[in-house]
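Reader: I've got a structure open and I'd like to learn how to read it. Can you walk me through it?

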Amino acid sequence: MKRRLIFGAFVVGLIVATLALFNVVRPFILRPASSGFYKLVEVVNGLKNPLYVTSAKDGSGRLFVVEQDGLIRIIRDGKLLEAPFLDVKALVSRDGSERGLLGLAFHPHYADNGTFFINYTDTSGNTVLARYHVSADDLDRADVDSAEIILHVDQPYPNHSAGQLAFGPDGYLYVGLGDGGSAGDPQGNGQNGHTLLGKMLRLDVDSDSPYAIPPNNPFIGRPDFALEIWAYGLRNPWRYSFDRATGDLYIADVGQNTWEEINFQPAGDHGGENYGWNVYEGLHPYQNGQAIGAVPPIAEYNHSDGCSVTGGYVYRGNALPDLQGTYLFGDYCSGTIWAAKRDASGAWQTHVLMNSGIPVSSFGEDEAGELYVVNYGGSLLRLAAG
């Protein structure tokens with residue numbers, strides 16, 4: 001955008017040894033796959049290259065699906081509405097598999113202010129973050145004339161555009177940007193604090209126009225880092241999410257040749273983490289160089305089990321009580337879906353939840369915290385008991 005997960009004492013020993021390279025040792029346990037008692041139930045089909053699904057948290061119960069070509073579609077009461085919520089096809093570049101309309105986030109006070117944000121690659125292939133408002137006379141249609149570009153980032157290559165948007169529990173907008181593309185981060189963007197590429201950004205979209213820098217962003221006063229940066233050393237943070245109950249942040253970073261990874265920030269974190277790319281790929285050295293204070297992932301898998309990690313969510317719904325507090329993530333190529341959770345000792349344990357058999361382009365939550373899986377082949381599915 002890995003047929004067998006790493007497990008056993010021998011491999012765990014290797015991981016612990018590798019963690020010494022990061023000067024950090026964290027509990028990290030992967031256990032064999034469970035049999036699983038879950039299934040995916042189709043909600044709708046007929047979508048075209050869907051990449052994301054979310055809710056507006058406005059009490060309407062609607063789901064909003066992002067299609068790569070530039071449409072946002074509405075699902076109401078289990079039915080796909082014919083008219084799109086937003087059509088920005090004319091603005092969007094689709095000359096590469098990783099370009100298009102990539103992200104959507106509704107303002108935390110959307111029910112009152114009708115404001116939402118999208119992330120797309122424009123017709124020149126560059127990243128655009130734009131603010132929109134819902135139409136005054138139709139809650140199922142956006143006002144296309146309300147568009148305001150609040151951030152523009154040049155992209156040197158047609159891949160690794162990332163694209164996710166999410167509001168944190170602090171009310172700030174988090175923006176994921178890949179390293180600019182090609183292979184191996186040839187421009188060294190991941191470790192370069194002067195560029196926004198290869199970073200997680202944190203923006204205050206309420207205090208100023210087009211945005212303000214949150215006063216406690218981690219690199220304020222550092223001339224060697226852009227003030228927007230929240231974390232760095234990322235290759236392509238395609239999907240990330242906040243645990244709606246705790247505020248913890250999970251960042252899935254797509255790997256290069258061998259390793260896919262899940263990174264973790266606890267709630268209340270002050271930011272500034274370096275996740276190691278392109279000196280490290282997952283827990284493993286990728287090339288010579290310095291990655292000062294690099295923070296290792298909480299989970300990884302290699303390319304015998306897939307090829308492109310898709311970050312998900314911590315389950316906080318009511319329909320599947322055994323999954324309460326469990327983080328789910330998947331792989332676009334293999335369709336495998338994993339479950340990760342800390343045990344009583346604080347060690348992360350990960351197992352295969354199911355083999356979905358679909359290209360998993362994203363996960364999503366509804367207003368109640370139930371989880372959905374986006375099938376890039378054209379459908380939306382809900383996670384349910386088997």
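Predicted model: local features only at pLDDT ≥ 70, side-chain atom pairs only at ≥ 80, totals over all residues.

Reader: Let's start inside. Which residues have the most contacts inside the largest nonpolar core?

Author: A nonpolar core is a set of buried nonpolar residues joined through their side chains. Here the largest one has 39 residues, and Ile72, Phe85, Leu86, Leu104, Phe116 and Ile118 have the most contacts inside it. Strand 10, residues 127-134, gives the most to this core, with four residues. There's another core apart from it, with 22 residues, including Leu173, Leu203, Ala226 and Tyr232.

Reader: And what does Phe85 touch?

Author: Leaving out residues up to four places away in sequence, its partners include Phe64, Ile72, Ile74, Phe106 and Phe116. Asp140 and Arg141 are also among the residues Phe85 touches.

Reader: On to pockets. Which residues lie nearest the centre of the largest pocket?

Author: About 510 Å³ of space lies in the largest pocket. Its lining has 25 residues, and Thr54, Lys57, Ala166, Phe167 and Glu365 lie nearest the centre. Strand 3 (50-54), strand 8 (101-106), strand 12 (165-167) and strand 16 (239-242) each give two or more residues to that lining. By class, the lining divides into 13 nonpolar, seven polar and five charged residues.

Reader: How much space lies in the second largest pocket?

Author: About 230 Å³. It is lined by 15 residues, with Asp170, Tyr174, Trp230, Gly268 and Asp269 closest to its centre. Seven of the lining residues are nonpolar, five polar and three charged.

Reader: Now a single residue. Is Ser55 buried or exposed?

Author: The cut-off for buried is under 20% relative accessible area. Ser55 is at 5%, so Ser55 counts as buried. You'll find Ser55 in the loop between strand 3 and strand 4 (63-67). Its side chain reaches the backbone nitrogen of Lys57 at 3.5 Å. Further along the sequence, Ser55 touches Arg62, Leu63, Phe64, Phe106, Glu365, Asp366 and Glu367.

Technical notes:
Residues numbered from 1 in each chain as written. Heavy atoms only, no water. Core = buried A, V, L, I, M, F, W, Y, C linked by side-chain atoms within 4.5 Å. Buried < 20%, exposed > 50% of the residue type's maximum accessible area, 1.4 Å probe, protein only. Contact = heavy atoms within 4.5 Å. 1 Å grid on protein atoms, 1.4 Å probe; cavity = no way out; pocket = protein on both sides within 12 Å on 5 of 7 lines; lining within 4 Å. Points joined across faces, edges and corners; volume = space filled by probe spheres on them. Nonpolar A, V, L, I, M, F, W, Y, C, P; charged D, E, K, R; others polar. Polar contact = N/O pair within 3.5 Å; in protein donor to acceptor, adjacent residues only side chain to side chain.
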